[in-house]
Amino acid sequence: MGEAAALSSVDPVGVYITRPEFSERMSALTSNVRQVEADVVKIKSKQDTQQATLNEILTAVQKQGSFKNSLIAGFSGLGGGIAAGTVYLLHWLTQ
C-alpha cells in the first residue's frame, strides 16, 4: 500500500515501464509496424503501375475512336448483358 502511494507521488513523466513483458510486446508491435509500412510501399508501387497502365489504355481509347464507335461499343455491351439476363431468367423459370 505504501509503495502505491509512493508511485502516485512521483512525477508521471519520470516513471518508466521497465517490465520485460512490455519490452517484448513493444518489440513485437514495432515489428508489426515495420511489416505494415513495407506492405504499404508494395501497394503504392502496384497502384502506380496500374495507374500508368490505365492512362495508357485511356490514351489508346481516346486516339481510336469517335463518339459513334463509343456508342456502338457501349450498346454491344448492353446487349450482351440483356442476353445474359434473358438466359439466366429462362434457366430460372425452367427449374
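Author: From the N terminus on, the elements run α-α-α; helices (H or I, at least four residues) and strands (E, at least two) are DSSP runs, numbered from the N terminus. The chain has 3 helices and 0 strands. This is a predicted model, in which local features need pLDDT of at least 70, side-chain atom pairs count only at pLDDT 80 or more, and totals for chains, interfaces and linings use all residues. Residues are numbered from 1 along each chain as its sequence is written, and side-chain values use heavy atoms, with hydrogens and water left out.

Reader: How many of the residues count as buried?

Author: Buried means under 20% relative accessible area, exposed over 50%, and partly exposed in between (1.4 Å probe, protein chains only). Of the 95 residues, 0% count as buried.

Reader: Which residues form a salt bridge?

Author: A salt bridge is a side-chain nitrogen of Lys or Arg within 4 Å of a carboxyl oxygen of Asp or Glu. The whole structure holds 1: Lys 44 pairs with Asp 48, with the closest N and O atoms 3.2 Å apart. The two residues lie 4 residues apart in helix α2, which means a separation of about one helical turn. Lys 44 is partly exposed at 47% relative accessible area, and Asp 48 is partly exposed at 40%.
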